[in-house]
Amino acid sequence: MYDSNKLKKAVMYRNLTIAFITTIVIGVIFLMWLNVFISKNSEKNFEIIGSAFQNIVNALKESLTLQTSNIDKFLLNNLQLAKTLVLNLGGYDALKSIEKMYEASLGDAGEVFVDIDVALVDLNGKVLSSTGYHSNVSELRFKPLEPSNEQIPKFLTFLPNENRLVFYSWFKISNNEFLTFVLYPDPRLYVNLMKGLATLKIGNTKEIAIYVDSENRLDISGKVLDSVIDTGIKDKTIVRRTTSVTLYKPYVLSTYEGLATNLYLKVTFDYINYVYVITLIIVLFILIVMIFTYLSTRSAVAPFASDMTKLGIAVREVGNSGILPPAGTFNLRDTQEFYETLSAIMQELSATLEELEATNEELEKAYNEVSAKSEEFRRLLLNMSERLAMIAEGYDEDTGQHIYRVKLLSRFLGEKLQLEEEKLEELWMFASLHDIGKIFIPHEILRKPSKLTPEEWEIMKQHTVLAKRILDVPGFEGALDIALYHHENYDGTGYPFGLKGEEIPLIAHIVKLVDVYDALRSDRPYKKGFTHEETLKIILEGDGRTSPKHFSPRLLEVFEKYNEEIDNLWRSIS
C-alpha cells in the first residue's frame, strides 16, 4: 500500500533509476566511441611519425650508398698487400699493419667514415683476431657469406650489444677465414636525426623510441629492455592498455644475400587527459539529468499526491462518521469526477443500508431456525446411521461398541492424517455404515457359527455392492465409498473390484484398517480376541490372512506411530 509520500518517492526513484541507467548506457556508448577514436587516432599519428622515420632511414642509406664506388676503390687498392701480410705474418701484427695502411688513406673511402678496424672472422661470424673495438668482440651480429657475384660484399649494421652503426666488407683468405674491414660512419650522420625524431610531438605522443634490438636504443645512449621487441616482431604490432596505445614497426636499414638489419620504431600515445575530461563530462551530465529528473518528477507528481491526500482524508472521515464530507477543489479533473461519483454512490448505499437493517432481524431469525433444523437433522441422520449399522451387524450384543469404536478410531486416524474437516465429518457419520449391505445377506449365512463354504463366502462378499441399494442417494456419497471399498486391499488383492493403491478412497481405506483391528481384538464364537500387541504385530508383519501389503504404507506409519493412543481409545469403549 502506498500513501501519497510513498507514491512520490516510488515514482521519483523509478524515474531517477531510468535516468541513471540511460545515462550509463550513453556513457558506455561514448566510451566505446572513444576507444575506436583512440585506435584510429593512434594509427593515423603513427603513420605520420613512421613516414618521417622512413625518410630518415632512406636518407641514411642513400648517404652511405653514394660512397659505394669510393669504398670499393679504397678496399681494392691495398687488398693484395693486406692478404699477403695476413698469409705471411698472420695474427694481430699483420692486422695492425693493415689497419695503419688503410687509416692513412681513409679519406678515399668517403667523408662519412671516421675510423676503421681490421679483423679475421670465421664462417660462423666468430672474431678470431681484430684491432680496435672488435678486439673485445667475440662474434659479429651476422655470419659472413661468400658473394654470389663478383661485387664486394657490403653490409650495414650495428656493433654487437651496442647502438653504434658500422659498415662491414669482407674478403675470403682461406676456406674458413675472412679478412673483414669495419668502417665507422660519423655518428653525427644519424644520431642527431634520431634524437630529433624522438622529440617530435604529434597529438597525444608520450614517447618515441628507436631500437637497434630489444635493449639498445638509438635515440639515447643507455640500454632499455623492451619485451615486445624481444619476442621478434616482423610487422606492425599494437599494444593497448587502459589509457595508452603503443605501436611498433620494424624498418629495414640494410640487406645483403639474405642478411638484414632492422631498426624498430616504438611510439606510445597517452590519452589519460581524454579520460579525465570525458569522466568529468559524464559525471556532470549525470548530475544534470538527475537534478532535472528530480525537479520534473516532483512537479508532475505533486498535484496527484495532493488529490490522493484529500481523498484519503475523506475516506477516513467516512470510516469514522459514515458521512462523506463535501467535495473540495481537486487539481485533477479525473479526481474531481471520481469524488462526485463516490458521493452519489454513498447516498445510494445509505438508502440501501436502511432497507437492509430493516430486514436484518428477519434474516437472522430465519438463519437461527435453519441452523436449529440442520443440527436436528444431523443428529437424526447420525442416529439413523447407527441403527442401520446395528441391523446390518445382525443384532450382535457387542454391535453398539463395535460401531462406536469404528467411528471413533476412524476419525482419530483421519485427524492424524490431516484430512479436511468435510472428510472427518464423513468418517464420524458414515464409518458405522461400512457393513450396511449385510442387511441383504441371508440370516443363516450371516449368523453361521462355523466356517463358511466357498459358495457362502461369495454370497457374503456381495454385501459391499449390495450397499448401493440403500446408500446410492444424494448426500451419502461418502457412506457409499466406505461401504463399497472397505474390503479393497492396497496391493489389489481385495474385493469387490480389486482396486489398488490410490484408486481406493482414503476414507474407505481408513475404515478397513480400523475394522480389521477391531475384528482381531474382539471375541467371537469361534475365537478369542487378541491383545493390542498381538494385533499390532499381525497388521504390521502379517499372519497368513492379514498382510501389511493390504494397507497403505502412509496409513501404517501413522497407525504404528499412534498405536498406544489407539489402544487407549479402544479399551475406553470396550
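Is Glu 456 buried or exposed in this predicted model? Glu 456 is buried, with a relative accessible area of 19%, where buried stands for under 20% relative accessible area, exposed for over 50% and partly exposed for values in between (1.4 Å probe, protein chains only).

The model is predicted, and local features need pLDDT of at least 70, side-chain atom pairs count only at pLDDT 80 or more, and totals for chains, interfaces and linings use all residues. Residues are numbered from 1 along each chain as its sequence is written, and side-chain values use heavy atoms, with hydrogens and water left out.

**View A. The salt bridge of Lys 448 and Glu 456.** The side chains of these two residues meet at 2.8 Å, N to O, a salt bridge being a side-chain nitrogen of Lys or Arg within 4 Å of a carboxyl oxygen of Asp or Glu. Lys 448 is partly exposed, its relative accessible area being 26%. Elsewhere, salt bridges that share partners join Glu 43, Glu 47 and Lys 236 into one network, and a search of the whole structure finds 19 salt bridges.

**View B. The salt bridge of Asp 518 and Arg 405.** The closest N and O atoms of this pair are 2.4 Å apart. Asp 518 belongs to helix α16 (residues 506-521) and Arg 405 to helix α9 (residues 399-416), so the pair ties together parts that are 113 residues apart in sequence; helices here are DSSP runs of H or I with at least four residues, strands are runs of E with at least two, and both are numbered from the N terminus. Asp 518 is buried at a relative accessible area of 0%, and Arg 405 also counts as buried, at 3% relative accessibility.

View C. Glu 99 is buried, with a relative accessible area of 4%, whereas Lys 96 counts as partly exposed at 29% relative accessibility.

**View D. An open sheet of 4 strands.** The strands follow the order β6-β9-β8-β7 with antiparallel pairing, two strands being paired if DSSP finds at least two bridges between them. Strands β6 and β7 (237-240) stand at the edges with a single partner strand each, so one side of each is left without a neighbour in the sheet. Strand β6 (residues 205-211) is mostly covered, with 5 of its 7 residues buried, and pairs with β9 (residues 259-270) over 6 bridges in the antiparallel sense, Thr 205 standing opposite Phe 269 in β9. Strand β8 (residues 244-256) is joined to β9 by 12 bridges, again antiparallel, and here Ser 254 stands opposite Thr 261.

**View E. The buried residues of helix α5.** In α5 (residues 191-198), the buried residues are Val 191, Met 194, Leu 197 and Ala 198. Seen down the helix axis, they fall within an arc of 130°, so they line one face of α5; the arc is that of the directions from the helix axis to the C-beta atoms.

**View F. Leu 295 in helix α7.** Leu 295 is found in α7 (residues 272-321) and counts as exposed at 51% relative accessibility.
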